[in-house]
Amino acid sequence: QVQLVESGGGLVQAGGSLTLSCAASGRRSFSNYAMGWFRQAPGNERELVGAISWSTGNTYYTNSVRGRFTISRDDAKNTVYLQMNSVKPEDTAVYYCAADWNWSAAPTLTSDDYDYWGQGTQVTVSS
């Protein structure tokens, strides 16, 4: 089992930057988990923002954030990051990190395949 704790959310102006962190703890090695960042805005379904595989570091981004957001991981620190640049008001949401015990070279793209979730951190982008 793994516990995930997000941090770094807050209020940011449109066009600004924010970095979210997700610290993992548990018995299994963090490096063996594929990781993902999701978000959910009021009235909307939860959507995958970005994902990174466990070993190759292959990444995936949803179209609306590609080129603006970067997902990365530091296995030595048991942490995954989401660097958010050029943020827009439509990026406002609760952001969640998730972990999937997945040894595939590909990132995990389906929320149902993720085994563990953090509690979420609010990101609000003002116009």
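## Overall shape

What radius of gyration would a compact globule with 127 residues have, and what does the protein chain have? A compact globule with 127 residues would have a radius of gyration near 14 Å, and the protein chain agrees because its value is 14 Å. The radius is taken over C-alpha atoms, and the globule rule is 2.2 Å times the number of residues to the power 0.38. Along its principal axes, the C-alpha trace spans about 40 × 30 × 25 Å.

This is a predicted model, in which local features need pLDDT of at least 70 and side-chain atom pairs count only at pLDDT 80 or more, while totals for chains, interfaces and linings use all residues. Residues are numbered from 1 along each chain as its sequence is written, and side-chain values use heavy atoms, with hydrogens and water left out.

## Secondary structure and burial

The protein chain has 0 helices and 11 strands. Both kinds of element are DSSP runs numbered from the N terminus: helices are H or I with at least four residues, strands E with at least two.

Of the 127 residues, 44% count as buried. Buried means under 20% relative accessible area, exposed over 50%, and partly exposed in between, with a 1.4 Å probe and protein chains only.

## Nonpolar cores

A nonpolar core is a set of buried Ala, Val, Leu, Ile, Met, Phe, Trp, Tyr and Cys residues joined through side-chain atoms within 4.5 Å. The largest has 29 residues, of which Leu4, Met35, Trp37, Leu82 and Tyr95 touch the most other members. Elements giving two or more residues to this core include β1 (2–7), β4 (33–40) and β11 (121–126). Apart from it lies another core of 5 residues, among them Phe38 and Ala98.

Contact means heavy atoms within 4.5 Å. Leaving aside neighbours within four places in sequence, Tyr95 is in contact with residues including Leu20, Trp37, Arg39 and Leu82.

## Arg39

Arg39 is in strand β4 and counts as buried because its relative accessibility is 6%. Its side chain makes polar contacts with the side chains of Glu47, at 2.6 Å, and Ser64, at 3.3 Å. A polar contact is a pair of N or O atoms within 3.5 Å; within protein, one must be able to donate a hydrogen and the other to accept it, and residues adjacent in sequence count only if both atoms are side-chain atoms.

## Ala105

Ala105 lies in the loop between β9 (93–101) and β10 (116–117). At 41% relative accessibility, Ala105 counts as partly exposed. Not counting residues up to four places away in sequence, Ala105 touches Ser53, Thr56 and Asn58.
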